[in-house]
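Let's take a walk through this structure together. Keep the picture open while you read, and look up each piece as it comes along.

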Amino acid sequence: MRLPPFQTLLDEHAADLHRFLVASVGLHDGDDCFQETVVAALRAYPGLRHGDNLRGWLFTIAHHKVVDQARRTTRQALPVAEPPEVPAVDRHRLADADLMHAVRALPPKQRTAVVQRYLLDRPYAEVAAVIGCSEDAARQNVRAGLQRLRQELPQEVTS
Amino acid sequence: MSTTDDLVTRLRRAGALPPPGGATMNGSAPDPGATHVDRLVAAAVARADADDLVDVAWAAEDTPIGTLTLAATRDGLVRIGFGHDDDMLTELATRVSPRVVHLPARLDDLRRQLDEYFAGRRTHFEVPLDRRLSRGYRLVVLEELGRVPYGETVSYKDLAVRTGHPTASRAVGTAMATNPIPIVVPCHRVLRTGGSLGGYGGGLDTKVWLLRHEGALLG
């Protein structure tokens, strides 16, 4: 099997991989997940049967790290009281950071689907390859993710 | 405009923002040109190396004869290329292992010795060699070549004789042309019978530079 040097994958995809993970799990956990993804990818690399869609393969590993991280976070989560009422005037000015916070609260498949599709501008075929589902299911995950973002963000922010 | 389009626009904009404070994480910046992601990659590669996952480590080294690309396995120095040699990394991925990554730490000893060599303070290299890219008679010739000292030259014919195949000058030439570890395995010290330069993978100018540097060629 002829695979390119692993360095090529790092040169071509490291920046997007980091962006994907920071968008999906936040800055601090994003850095950790990034390193774990690189090590896991390097471990598995020589066992690959073919060199097609190495980007998709790399992001699939990253997606699994997002799923693992979401599981850990859910286990650690404490019950919280109802969020305090946000004054209407502030709701108009919810920052992009809050939108990204809402993205990171999506279920992992929807989260990966939305981030791959809109933040990294990947085609549905690749979104599907990363999540390991059909293209239809990838579209469904993107739709469901957007729907949920609209529900969870105040109407003024999303319209 | 629909709500979805607006949301998507906002997602694209929010996701394009650089991570806050990313470039100055940990307050340390050993390489000022390196980005936050570069440093994360280097840290991940160091972790992978601790888990024995780096089969081929490479680094670039600037020298008076231009940039050299250096590569080592766990067994030793396996390849040196002239210039920034991406083809060399591809060749190593195919012939040794696709786990080829930038890991200068594994080449620190060699880089220090190259510095000393180019500064005129070192006449031979003391690093373990991984000879797996050479086989058969070529390997025999390259091992014999390692006994030609700094400042001296031999002919292709001499090497053929020394390896017990006096008529094999052509095969010696091929061994030189395919030497995976130039400079350290000194194929620049091999000339044609009569003293004309012959060839060199790094270019004849480089061969002349090295021979003059070693005092083997006057002028």
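Start just after helix α7(A), where G132(A) takes a positive phi of about 80 degrees. The helix itself, residues 124-131 of chain A, has a run of buried residues: V127(A), A128(A), A129(A), V130(A) and I131(A). Bear in mind that you're looking at a predicted model, with an ipTM of 0.88 and a pTM of 0.86.

**Chain B at a glance**
- Chain B has eight helices and six strands.
- If you read along the sequence, these come in the pattern α-α-β-β-β-α-β-α-α-β-α-α-β-α.
- Of the 219 residues in chain B, 33% are buried.
- Take the contacts in chain B with a separation of 6 or more: 54% of them are between residues 24 or more positions apart.

- Chain B has a mean pLDDT of 90, and 89% of its residues reach 70 or more.
- Residues 20-29 of chain B are another story, with pLDDT below 50; beyond near neighbours in sequence, this stretch has five contacts in the model.

**The four-stranded sheet**
- In what order do the four strands of the open sheet in chain B sit? They go β3-β2-β1-β4, and the pairing is mixed.
- β3 (77-82) and β4 of chain B are at the edges with a single partner strand each, so one side of each has no neighbour in the sheet.
- From one strand to the next, the twist averages 30 degrees.
- β2(B) is mostly covered, since five of its seven residues are buried.

**Strand by strand**
- β1(B) and β2(B) are antiparallel partners, paired over seven bridges, and a hairpin with two residues connects them.
- The hairpin between β2(B) and β3(B) has four residues between the strands, and G76(B) in the turn has a positive phi of about 155 degrees.
- β1 (residues 56-63) of chain B runs parallel to β4(B), and three bridges join the two.
- To spot that pairing, look for W58(B), whose bridge partner in β4(B) is H102(B).
- Helix α4 (residues 108-118) of chain B lies across β1, β2 (66-72) and β3 of chain B, at about 25 degrees to β1(B).

**Two domains in chain B**
- Chain B splits into domain 1 (35-118) and domain 2 (136-213), and 25 Å separate the centres of these two domains of chain B.
- Where they touch, six residues of domain 1 of chain B are in contact with nine residues of domain 2 of chain B.
- On the domain 1 side of that contact in chain B, five residues are nonpolar, none are polar and one is charged.

**Where the chains meet**
- Chain B puts 34 residues into the contact between the chains, and chain A puts in 33.
- On the chain B side, α1 (3-16), α2 (36-50), α3 (86-95) and β4 (100-102) each supply at least two residues.
- Which element of chain B gives the most to the side that touches chain A? That's α1(B), with eleven residues.
- This side of chain B is made up of 19 nonpolar, eight polar and seven charged residues.

Conventions: Residues are numbered from 1 along each chain as its sequence is written. Chains are lettered from A and ligands numbered from 1 in the order in which they are written. This is a predicted model: local features need pLDDT of at least 70, side-chain atom pairs count only at pLDDT 80 or more; totals for chains, interfaces and linings use all residues. Domain bounds come from an automatic or database domain assignment. Two residues are in contact if their C-beta atoms, placed from the backbone, lie within 7 Å. Ala, Val, Leu, Ile, Met, Phe, Trp, Tyr, Cys and Pro count as nonpolar, Asp, Glu, Lys and Arg as charged, and the others, Gly among them, as polar. A residue is buried if 20 or more other C-beta atoms lie within 10 Å of its own, exposed if 12 or fewer, and partly exposed in between; C-beta atoms are placed from the backbone. Two strands pair if DSSP finds at least two bridges between them. Axes are lines fitted to C-alpha atoms, for helices over the stretch in contact, and angles run from 0 to 180 degrees between N-to-C directions. pLDDT is the predictor's confidence in each residue, from 0 to 100.
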